[in-house]
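Colleague: I am new to this model and would be grateful for a close look at a single part of it, followed by some account of its surroundings.

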Amino acid sequence: MNAFIDPNPLHEVYEGLHVLDLSQGIAGPYCAQILGQMGAQVTKVEPLHGDWGRSMGVPRGGFSAIALAFNRGKRSLALDAQTDAGREVLHRLAARADVVVQSFRPGVADRLGLGYATLRDLNPRLVYASISGFGLSGPYADRPGTDSVVQALTGLTTANCDGTGLPQRVKPFIGDLSCGVYTANAIGGALFARERGQSGRHIDVSLLATMAALQNSSLIDHALRRGEPATSVTYPQGIFSTQDGYVLVFAMNNAMFAAICRVIGRDDWLTDPRMDTPQRRIQVGDEINAGVAQILRTRSTAYWTQCFRDNDILYGEVKDYDQFQEDEQVRHLGLVQTLSQPGLGDVPFVGLPGVHPASGSAGGRVPAVGEDTQAVLRELDYSPADIRALAQQGIIQPAAQAAAAH
């Protein structure tokens, strides 16, 4: 039986919506891209040298992986926002926008004349989202905050210690990515309220609040343990070596524990009173995991995963990115699409879950710095002479100069 596919996909739900993206890095750009993937037109305004995210990692053809992942389908306007003429351009854009996303440090947007109060006077219906490291006020407001810094502060790195007890950062940019998703969600709620007759509003989302929300269950668990050391919630669980690779195994309940016992030939565990409930198994968890590890390393990953699949046991082959892209379920769902980027050729790109129908092409591409500067200014009723004057004064960066820079 074929699954029903809705003929009205969500990738057009924000059609006609105008988003002004003043953010850099990951969280803000990802938020704006989410809105774009749902149909909004996103105009990204960058400094003349471009969003700093463009230079992170190892750029290829003038584009970093971060730039490619979080700026697809946008238009790029490059200008100097610290000039009066540059701010005038931004005010014209904001007056026509539905949403503004910015990630300046607290106070910077106000000093640039781009704060919520200023733009609200130009456009009372504006939904304005501020993304920051630690929030817009308080003792940490002026501190630089990044994904890694906030992971450390909120306890996530401690919760993710390695085998030697050394705290470890969780990849890939979990705080930034989640912040982008949370902010896009809040913007959607504000837009819905606006459609019901309310005015625009100011949304404040920080990396600190995001990382706290992500760890809510862990914070509750920490309180309930009352100082007792943290343990796994069930056993066996973890990543185990096989004869030729690794496999993740997880016993969610008694029935699954019994199935694992039968598959690995440890029927004696089924009558061991120390292992007859999940709570008791926690007390002998190391023994259980050690026993599972000893047996799993005697056979191949393919052998064990077939056994686990046949017995309805939670498992997962441990794959690298190439193997993931070739996975039969991933290919069936069309999760990994193709982004055709000038100068780079085809690169993999995953669409927005629940929004985009599966297809071979991701559509759109990532603009070069300032690629759409002249087109955007023409839409704002700047004359060719005006545009030339702004370029000569070094206030904007037209497309030809941006291309030469790469």
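Over the ring of which residue does the charged end of Arg299 sit, and how far is that charged end from the ring centre?

Modeller: The charged end of Arg299 sits over the ring of Tyr303, 4.3 Å from its centre. Please bear in mind that the model is predicted, so that local features need pLDDT of at least 70 and side-chain atom pairs count only at pLDDT 80 or more, whereas totals for chains, interfaces and linings use all residues. Residues are numbered from 1 along each chain as its sequence is written, and side-chain values use heavy atoms, with hydrogens and water left out.

A charge is taken to sit over a ring if NZ of Lys or CZ of Arg is within 6 Å of the ring centre and within 35 degrees of the ring normal. Arg281 also has its charged end over a ring, that of Phe257, at 4.2 Å from the centre.

Tyr303 belongs to an aromatic cluster that it forms with Trp304, Phe308 and Tyr315. Rings of Phe, Tyr and Trp (its six-membered ring) pair if their centres lie within 6.5 Å; planes under 30 degrees apart are stacked, over 60 edge-to-face, and the rest tilted.

Across the whole structure, 7 aromatic pairs are found. In one of them, Tyr116 and Tyr128, the ring centres are 5.5 Å apart and the planes stand at 55°, so this pair is tilted. Because Tyr116 lies in helix H5 (residues 116-122) and Tyr128 in strand E5 (residues 127-132), the pair ties together parts that are 12 residues apart in sequence. Helices (H or I, at least four residues) and strands (E, at least two) are DSSP runs, numbered from the N terminus. Tyr116 counts as buried at 13% relative accessibility, and Tyr128 is buried with a relative accessible area of 1%. Phe134 and Tyr140 form an edge-to-face pair, 5.5 Å centre to centre with 75° between the planes. Here Phe134 is buried at 8%, while Tyr140 is partly exposed at 35%. Buried means under 20% relative accessible area, exposed over 50%, and partly exposed in between (1.4 Å probe, protein chains only).

Helix H13 also deserves attention. The 12 residues of H13 (residues 285-296), at 1.5 Å a residue, should span 16 Å, and the end C-alpha atoms are 16 Å apart, which agrees; the expected span is 1.5 Å times one less than the number of residues. Among the buried residues of H13 are Ile288, Val292, Ile295 and Leu296. The elements covering its buried residues include strands E7 (237-241) and E8 (246-250), and helices H11 (254-264), H12 (278-283) and H14 (301-310).

Cys261 is buried at 0% relative accessibility. Its sulfur is 14 Å from the closest cysteine sulfur, in Cys307, which is too far for a bond. Under the rule for a disulfide (a pair of cysteine sulfur atoms within 2.5 Å), the count comes to 0. Cys161, for its part, is partly exposed at 32%.

The chain has 19 helices and 12 strands, and 43% of its 406 residues count as buried. Its C-alpha atoms fill a box of roughly 85 × 45 × 45 Å along the principal axes.

Notes: Contact means heavy atoms within 4.5 Å.
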